[in-house]
Amino acid sequence: MTGKLSRRDRIKKGIRKRISGSAERPRLSVFRSNKGIYAQIIDDVAGKTIASASSLSKDFSATGTKGEQSVAVGKLIAEKAKAAGVESVVFDRNGYLYHGRIKQLAEGAREGGLNF
C-alpha cells in the first residue's frame, strides 16, 4: 500500500487536525487490536504520556469478553488519570468508529469519573 492511506488512517488524520491535548485537558487516545485494547492519556503540548492502561498489561486482572475487558480498561485509565490529577480529557477514537469496544471503553472511563 505504498502511497495510499487506509480508511482508518485518513479518518485519524482528520480527527488529529481538529483535536489536541493540553496540560489542562489532555487527550485520551484509544488503540484496538484483535487481542487487546489500549488507552493513553497524552499531553501533546509537553509531548508526555500521563497515564496508560491495557487489557494485556500485567496489572490488569479482569476476565470475560473483550467488551467487558474494554469497560474495565476504561475504569482503570480513569483511576490512573485521577491519581495523576486529570479530571477532564479530549476523547481521540484514533480513526475507529465510536461503536463496540471503543464505545464501551469510553463509557467505562465516564463511569470511572472522567469528563469528556
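**Close-up views of a hairpin and of salt bridges**

**View 1. The hairpin of strands S2 and S3.** Four residues lie between S2 and S3 in this hairpin, and Gly 47 in its turn has a positive phi of about 70°. The model is predicted: local features need pLDDT of at least 70, side-chain atom pairs count only at pLDDT 80 or more, and totals for chains, interfaces and linings use all residues. Residues are numbered from 1 along each chain as its sequence is written, and side-chain values use heavy atoms, with hydrogens and water left out. S2 and S3 run antiparallel and are joined by six bridges; two strands pair if DSSP finds at least two bridges between them. Strands (E, at least two residues) and helices (H or I, at least four) are DSSP runs, numbered from the N terminus. Gln 40 has Ser 52 in S3 as its bridge partner. In a regular strand the side chains alternate between the two faces of the sheet.

**View 2. The salt bridge between Asp 44 and Arg 16.** The closest N and O atoms of the pair are 3.7 Å apart. Asp 44 sits in the loop between strand S2 (37–43) and strand S3 (48–54), while Arg 16 belongs to helix H1 (residues 7–18), so the pair links distant parts of the chain, 28 residues apart. A salt bridge is a side-chain nitrogen of Lys or Arg within 4 Å of a carboxyl oxygen of Asp or Glu; the structure holds six of them. Asp 44 is partly exposed, with a relative accessible area of 23%, and Arg 16 is also partly exposed, at 34%. Buried means under 20% relative accessible area, exposed over 50%, and partly exposed in between (1.4 Å probe, protein chains only).

**View 3. The salt bridge between Asp 92 and Arg 27.** The N to O distance is 2.8 Å. Asp 92 lies in strand S4 (residues 90–92) and Arg 27 in strand S1 (residues 27–32), 65 residues apart. Asp 92 is buried at 1% relative accessibility, and Arg 27 is buried at 6%.

**View 4. The salt bridge between Glu 111 and Lys 75.** The side chains meet at 3.2 Å, N to O. This pair links helix H3 (residues 101–111), which holds Glu 111, with helix H2 (residues 66–83), which holds Lys 75; the two residues are 36 residues apart. Glu 111 is exposed, with a relative accessible area of 55%, whereas Lys 75 is partly exposed at 35%.
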